[in-house]
Amino acid sequence: MTTTLHVPLSILDLAIVSEGGTSASALAETTDLAQAAERLGYLRIWVAEHHNMPTVASTNPAVLIAHLAASTSKIKVGSGGVMLPNYPSLVVAEQFAMLEALHPGRIDLGIGRAPGTDPATAAALRRAPASLTHDEFPNYLIDLMGLLGDRRGEEGLWNRFSATPVAETSPSIVLLGSSGYSAQLAGYLGLPFAYAHHFDTGGTLQALSLYHENFNPSPILSAPYTIVTANVLTAETEEKAQWLAASGQLMTYAIRTGRFIPLLSPEEANEHPDLPIARTMRSNRIVGAPESVVAQLEQLVEATAANELMIFTAAFGVDQRINSLTLLAQAWT
């Protein structure tokens, strides 16, 4: 085992509502997951922003981050991510400046460019329905950075407005992406970059290459720093892992075919008529016994030169997710 490849591990969670569950139970499971991640030594836990989805309870990252940070003591907590087109920069800056004041040194602000929902819902979220264009997004991002202390010019919102009266520390800002555009922008601004490899849309190596090629040292980062997400589920045996993975595979298949279904129990999922075709989908998800999963994650780190891996686990019930993260943490270290 090549221990030099064992970069830090973190967690991404969506507060997915399992079949028979509620928003409250999904959020409680995310809290249990964060507390387990802290015990297991994971570096950070991020929560997503999705709107008007019947299976995702993580609609407002700032609110959920406040709860998770208060329910833990040392793990870093952040957004994976806040979708900047949905908010004025000052609103996001105020939220995360307050979170940072409450939990100094523990808050990450992951910023995304997508709306996190369908066009109709995106329009309902905003006073002005139009999305930010490629040309506008960098200006809003730079204003946000400046309001949180990272000023990249003489003029900006920070000249007239303050996100908090007297800040002692600032949240860490990370640019999220699943395209070459975000990779190049993150490199140009000298920001850490998190690539959504778990989206399974391809282009991972190309985007990371663009990030490195365009990287400029900045006041906050002297060398490139990449976080690569991965869809991972491990269990005591290969057979058990494949059995548990059926729940997430079916949910992904439903999304790709324009449907939303709850996260089914493994018993129901393994009897579902769509499972055989769901398992034929092209996928980079990593499923198996711990040794196999570690070997595949090592290959991912070697291929991407990732500085950190962020693990997303789709499994029915928080106990199975915690068990997977426990086995992975033990095998990884």
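**Notebook: cavities, pocket, cores, rings and backbone**

My rule works on a 1 Å grid over the protein atoms alone: a cavity is a set of points where a 1.4 Å probe fits but cannot get out, and lining residues have an atom within 4 Å of a point. Grid points are joined across faces, edges and corners, and a volume is the space filled by probe spheres set on the points.

I note that this is a predicted model, where local features need pLDDT of at least 70, side-chain atom pairs count only at pLDDT 80 or more, and totals for chains, interfaces and linings use all residues. Residues are numbered from 1 along each chain as its sequence is written, and side-chain values use heavy atoms, with hydrogens and water left out.

**Cavities**

I looked up the largest cavity and found about 70 Å³ of space. Its lining includes Asp13, Leu14, Ala15, Ile16, Ser18 and Glu29. Leu263, Phe312, Thr313, Ala314, Ala315 and Arg321 also line the largest cavity. I sorted that lining by class: seven nonpolar, two polar and three charged residues. Here Ala, Val, Leu, Ile, Met, Phe, Trp, Tyr, Cys and Pro count as nonpolar, Asp, Glu, Lys and Arg as charged, and the others, Gly among them, as polar.

The second largest cavity has about 40 Å³. I listed its lining as Asn231, Val232, Leu233, Ala245, Arg285, Ile286, Val287 and Ala314. The largest share, three residues, comes from β8. Helices (H or I, at least four residues) and strands (E, at least two) are DSSP runs, numbered from the N terminus. By class I get six nonpolar, one polar and one charged in the lining of the second largest cavity.

**Largest pocket**

Next I turned to open space, where a pocket is an open set with protein on both sides within 12 Å along at least five of seven lines. The largest pocket holds about 1100 Å³. I count 44 lining residues, with Leu14, His50, Ala196, His198 and Phe199 nearest the centre of the pocket. Two or more lining residues come from each of β6 (172-177), β7 (193-195), β8 (226-234), α8 (238-256) and β10 (308-312). Helix α8 gives the largest share, four residues. The lining of the largest pocket splits into 21 nonpolar, 18 polar and five charged residues.

**Nonpolar cores**

I then searched for nonpolar cores, sets of buried Ala, Val, Leu, Ile, Met, Phe, Trp, Tyr and Cys residues joined through side-chain atoms within 4.5 Å. The largest has 68 residues, and Leu141, Leu297 and Leu309 have the most contacts inside it. Helix α12 (residues 318-332) gives the most to this core, six residues. Apart from it I found another core of 15 residues, among them Leu12, Val56, Leu176 and Leu263.

I checked the contacts (heavy atoms within 4.5 Å) of Leu297. Not counting residues up to four places away in sequence, Leu297 touches Ala230, Val232, Ile286, Leu309, Ile311, Leu328 and Trp332.

**Aromatic rings**

I found three aromatic pairs in the whole structure. Tyr211 and Phe215 form an edge-to-face pair, 5.8 Å centre to centre with 70° between the planes. Rings of Phe, Tyr and Trp (its six-membered ring) pair if their centres lie within 6.5 Å; planes under 30 degrees apart count as stacked, over 60 as edge-to-face and the rest as tilted. Both Tyr211 and Phe215 are buried. Buried means under 20% relative accessible area, exposed over 50%, partly exposed in between (1.4 Å probe, protein chains only). Ring pairs link Phe193, Tyr195, Tyr211 and Phe215 into a cluster.

I found a cis peptide bond from Gly80 to Gly81, with omega near 5°. Gly81 sits in the loop between β3 (76-79) and β4 (82-83).

Which phi does Ala15 have, positive or negative? I read a positive phi of about 50°, although Ala15 is not a glycine. Ala15 is in the loop between β1 (9-13) and α1, and is buried at a relative accessible area of 1%.

Ala305 also has a positive phi, near 55°. Ala305 belongs to the loop between α11 (290-304) and β10. I class Ala305 as partly exposed because its relative accessibility is 46%.

Last, I looked at Thr31 in helix α1 (residues 23-40). Thr31 counts as buried because its relative accessibility is 9%. Leaving aside neighbours within four places in sequence, Thr31 contacts His67, Leu68 and Ser71.
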